[in-house]
Amino acid sequence: MSASPAEAQGRRQAPAMDLDALIADPATRIVVCCGAGGVGKTTTSAALALAAAEAGRSVVVLTIDPARRLAQSLGLVELDNEPRRVDVPGIDGELHAMMLDMKRTFDDVVTAHSTPERAQQILDNPFYQALSSSFAGTQEYMAMEKLGQLRASDQWDLIIVDTPPSRSALDFLDAPNRMGRFLDGTMIRLLTAPSRTGFKFASAGFLFFSRIISKILGGQLLRDISAFVAALDTMFGGFRERATATFELLRRPGTWFVVVAAPEPDALREASYFVDRLSAEGMPLAGLVLNRTHPPATTALSATRAEGAAEEVAESGGETAALTAAALRVHAERMQQAAREQHLADRFTSAHPEVAVRTVPAAAGDVHDVDGLRGMAEALTGADDDTPTGTPRTRVLPARRG
Ligand SMILES: Nc1ncnc2c1ncn2[C@@H]1O[C@H](COP(=O)(O)OP(=O)(O)OP(=O)(O)O)[C@@H](O)[C@H]1O
Ligand SMILES: [Mg+2]
């Protein structure tokens, strides 16, 4: 293939992302959608799951906090923590969807790994109740736990995983470690040492430390923590092993990550960190979905020419002239916005030239029903150059000619 004009100028072109082939490939077993908060992870996950089911696969999508209307259209009216079949007429495969119930998942792990009596002790412990519903990272950890369960049940040939609305996309990958560190943490060990090792650490130093802690946290809470951790003690290994095993699952062939970002500096910075981290972890990246872009209706008329034409038309006077001038100005603005978005995408690509890119235009309204998901699925999986303006789906605007 000959170099494109942009390449000739030394500007790199992002490789095209073939999500269509990826989700249809029987070797693909897990797709994880990651990205900064609010960029479209949940919607992308649901749209990819629909596309995969349409391609004949039996797929389950694990969504996290889906918007209410999206949940409703997937038939997820209540949190039941188990996948439900979504009735989509005319698809070859099967689509199942579930919403993660973080607390239920945590409770299930506790119940599955301890005696009924001990499980009850843990479940009743106020510290456990706080931890299971609000500890930073619990949601990420439980999403991973649920993924492990779904994979182990081997009921679906593809699992698509949405990730929690964290500030940082990295939180998902950090969760198992953080949780492990917490459960294994020095403070917890110190706090529980007296009950576990017969006051081995009950030195003057420790007593002083524990008095301070109980002053800050309150004696009851300290007792709760000690009781909780003592009860969890038998499960330490269980938790850590499971987290490690699921983490390893993410490294196995057949798992792919899709990083979602909005065409905004912060989201793309997050995406950049995430891409670096994946490569450091040896985890395979399918590419970057640049979601909610604003490609213009036509690229034949530049912003400058549209502005100029708007002025000329406006000067000619009359009612239609005003309308035409307004339309031209809208086009000029849209071209400028698209240029800004393309500039951000180019910056990402010059930092990560190997990362495939797919742009997904902003739909007119929210994507909350099956039709909306179909539109998004088409944008995600359609042929790279099959667009009304001919601009490849890798880009917001065509590459500038040299
Ligand atoms: N291409 C699109 N066009 C129009 N609206 C979109 C598009 N993608 C996502 N949205 C809308 O943007 C909102 C946020 O999307 P979504 O919930 O998928 O983001 P998220 O990354 O999962 O957010 P969170 O981090 O809070 O979980 C939703 O209302 C969704 O309908
Ligand atoms: Mg979400």
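At what angle do helix 5 and helix 6 pack, and how far apart are their axes? In this predicted model, helix 5 (residues 102–112) and helix 6 (residues 116–124) pack at an angle of about 150°. Their axes lie 8 Å apart. Angles over 145 degrees count as roughly antiparallel, and the two helices are therefore roughly antiparallel to each other. The crossing of helix 5 and helix 6 is right-handed. Helix 5 contributes Asp 107, Val 110 and Thr 111 to the contact. These residues meet Ala 119, Ile 122 and Leu 123 of helix 6. By class, the contact comprises four nonpolar residues, one polar and one charged.

Ligand 1 is surrounded by 20 residues. The closest are Thr 42, Thr 43, Pro 165, Ala 363 and Asp 366. Two elements, helix 3 (41–54) and strand 7 (285–293), each give two or more residues to this shell. The largest share, three residues, comes from helix 3. The shell around ligand 1 divides into eight nonpolar, eight polar and four charged residues.

Val 275 is placed in helix 14 (residues 265–281). Is Val 275 buried or exposed? A residue counts as buried if 20 or more other C-beta atoms lie within 10 Å of its own. Val 275 has 23 such atoms within 10 Å and is therefore buried. Leaving aside residues up to four places away in sequence, Val 275 touches Val 259, Leu 285, His 352 and Val 355. Val 275 and Leu 170 are 105 residues apart in sequence. In space, their C-alpha atoms are 9.7 Å apart.

How values were computed: Residues are numbered from 1 along each chain as its sequence is written. Chains are lettered from A and ligands numbered from 1 in the order in which they are written. This is a predicted model: local features need pLDDT of at least 70, side-chain atom pairs count only at pLDDT 80 or more; totals for chains, interfaces and linings use all residues. Axes are lines fitted to C-alpha atoms, for helices over the stretch in contact, and angles run from 0 to 180 degrees between N-to-C directions. Helices (H or I, at least four residues) and strands (E, at least two) are DSSP runs, numbered from the N terminus. Angles under 35 degrees count as roughly parallel, over 145 as roughly antiparallel, 65 to 115 as roughly perpendicular and the rest as oblique. A crossing is left-handed if the near helix is turned anticlockwise from the far one by less than a right angle, and right-handed if clockwise. Two residues are in contact if their C-beta atoms, placed from the backbone, lie within 7 Å. Ala, Val, Leu, Ile, Met, Phe, Trp, Tyr, Cys and Pro count as nonpolar, Asp, Glu, Lys and Arg as charged, and the others, Gly among them, as polar. A residue is near a molecule or strand if its C-beta atom, placed from the backbone, lies within 6 Å of it. A residue is buried if 20 or more other C-beta atoms lie within 10 Å of its own, exposed if 12 or fewer, and partly exposed in between; C-beta atoms are placed from the backbone.
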